[in-house]
Amino acid sequence: MRTGFPDFRLGSVLATSFTGTLSERHGNAVERIPTPHRLVDWLAVNGLAVDSCTTAQLELARELRESIHAAATAAAVQDALPASAVQVINDRSAQGRAAAILTPEGERRWRLGSASCVEDALGVIAADAISIIAGERDGKLALCASPTCQAAFFDTSQSRTRKWCDMNTCGNRQKKARFAANQRKNPRSAE
């Protein structure tokens, strides 16, 4: 991992984890893939290792990220999917040449068409986005309750009532704010 960059916010769903590479969209935005090398790092952490990335490929990745975010947000609030976002997602999915492979441990991994092809990795991410937005997987799209975040995430909790994209960041921040507000209202309760 390269130092000097914000940590990745990793989740169990590839497509929504990818949209999390830009967080706090409604506050002080945090870009987690500001350079081509940082995208290479993110892809490697998520099992989609590539050798290199150009600035143009980084722009393709960011366009896909924003398209997935727009489509997932629309799906979460049951709005019509933006046609331009759908087009980008479909284009990236069609351009990728990756194959699902089964490991000896019984896990699915991705084999990219070329070890250095970012477009193949983006195709895997786009295909994952299609499966969750189309409702093919068990779970539901939701939006983070944090007013500064509002990230789309895929809720696979049993009750499907998760409030935050990440409990360790948005959830804790909201709970701390609520606790501080209660302390200001009732200063004697801290004694």
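This is a short chat about a predicted protein model.

User: What should I know before I start, and how are residues numbered?
Analyst: This is a predicted model, so local features need pLDDT of at least 70, side-chain atom pairs count only at pLDDT 80 or more, and totals for chains, interfaces and linings use all residues. Residues are numbered from 1 along each chain as its sequence is written, and side-chain values use heavy atoms, with hydrogens and water left out.

User: How many helices and strands are there?
Analyst: The protein has six helices and six strands. These are DSSP runs numbered from the N terminus: helices are H or I with at least four residues, strands are E with at least two.

User: In what order do they run?
Analyst: From the N terminus, the order is α-β-β-α-α-α-β-β-α-β-β-α.

User: How much of the protein is buried?
Analyst: Buried residues make up 38% of the 191 residues. Buried means under 20% relative accessible area, exposed means over 50%, and partly exposed is in between (1.4 Å probe, protein chains only).

User: And the contacts? What share joins residues 24 or more positions apart?
Analyst: Such pairs account for 55% of the contacts with a separation of 6 or more. Contact means heavy atoms within 4.5 Å.

User: Which residues touch the most others in the largest nonpolar core?
Analyst: Phe18, Leu39, Leu64 and Ile125 do, in a core of 35 residues. A nonpolar core is a set of buried Ala, Val, Leu, Ile, Met, Phe, Trp, Tyr and Cys residues joined through side-chain atoms within 4.5 Å.

User: Which element gives the most to this core?
Analyst: That is α5, with nine residues. Elements giving two or more include α1 (14-19), α3 (55-76), α5 (118-133) and β6 (152-155).

User: What does Phe18 touch?
Analyst: Leaving out residues up to four places away in sequence, Phe18 touches Ile33, Leu39, Trp42, Ala61, Leu64, Arg65, Ile68, Leu122 and Ile125.

User: Which residues are in the second core?
Analyst: The second core is separate and has seven residues, including Ala142, Cys149, Trp164 and Cys170.

User: Now Thr21. Buried or exposed?
Analyst: Thr21 is buried, because its relative accessible area is 1%. Thr21 sits in the loop between α1 and β1 (22-23).

User: What does its side chain reach?
Analyst: The Thr21 side chain reaches the backbone oxygen of Phe18 at 2.7 Å. Not counting residues up to four places away in sequence, Thr21 touches residues including Val30, Ile33, Trp42 and Arg65.

User: And Arg25, where does that lie?
Analyst: Arg25 lies in the loop between β1 and β2 (30-31). Arg25 counts as buried because its relative accessible area is 18%. The Arg25 side chain reaches the backbone oxygen of Thr19 at 3.1 Å. Beyond neighbours within four places in sequence, the contacts of Arg25 include Arg65, Glu66, His69 and Cys149.

User: Switching to Val45. Which helix is that in?
Analyst: Val45 is in α2. Val45 is partly exposed, because its relative accessible area is 35%. The C-alpha atoms of Val45 and Leu10 are 8.9 Å apart, and the two are 35 residues apart along the chain.

User: Last topic. Which residues lie nearest the centre of the largest pocket?
Analyst: Leu14, Asn46, Arg108, Trp110 and Asp128 do, out of 15 lining residues. The largest share of the lining, four residues, comes from α5.

Conventions:
Polar contact = N/O pair within 3.5 Å; in protein donor to acceptor, adjacent residues only side chain to side chain. 1 Å grid on protein atoms, 1.4 Å probe; cavity = no way out; pocket = protein on both sides within 12 Å on 5 of 7 lines; lining within 4 Å.
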